[in-house]
Amino acid sequence: MSKITRGGCLCGGTTYELRGDLRPVVACHCVQCRKTSGHYVAATQVAAADAVIDGDTLTWFRSSDIAERGFCRVCGSNLFWRRFESDRLSVWAGTIDGPTGLRMESQLYPECAGDYYDLPDVPSVGQETLK
């Protein structure tokens, strides 16, 4: 049987199940991630076909010409990021219920990091290197 990981938003209006293995966590310090989360984002990733999203509060916001972000329109929880025409879904690691067993492996856009925090002690990579 496949591993199932569950999570959702703060109010419970949107929940999800992720089936199968998750990518290690990647931190993103880009301005869009910092503005939508209030800090940097730490996200895992799964094949979109392996994500089952339930509830009626999920809203998608087109945040750029290449991607959109999913959040709960009731409580405001940031949940997802996806590139248009991609078969992958990024999931905010903090929205996963219970222990994840995941570890942060790398980070994106460290040159955009806020001046109020130290960068995580993980390698910096380009977005094109991520699967």
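Helices (H or I, at least four residues) and strands (E, at least two) are DSSP runs, numbered from the N terminus. The model is predicted, so that local features need pLDDT of at least 70 and side-chain atom pairs count only at pLDDT 80 or more, while totals for chains, interfaces and linings use all residues. Residues are numbered from 1 along each chain as its sequence is written, and side-chain values use heavy atoms, with hydrogens and water left out.

**View 1. T57 in the loop between strand 5 (51-55) and strand 6 (58-62).** Beyond neighbours within four places in sequence, T57 is in contact (heavy atoms within 4.5 Å) with residues including C9, T14, F71 and R73.

**View 2. The largest nonpolar core.** A nonpolar core is a set of buried Ala, Val, Leu, Ile, Met, Phe, Trp, Tyr and Cys residues joined through side-chain atoms within 4.5 Å. This one has 16 residues, and among those touching the most other members are Y16, L18, F80 and V91. Strand 2 (14-19), strand 8 and strand 9 each give two or more residues to this core. Another core, of ten residues, lies apart from it and includes V26, C28, C33 and A67.

**View 3. Surroundings of V91.** Not counting residues up to four places away in sequence, V91 touches Y16, L18, A42, A43, T44, V46, L79 and F80.

Methods:
Buried < 20%, exposed > 50% of the residue type's maximum accessible area, 1.4 Å probe, protein only.
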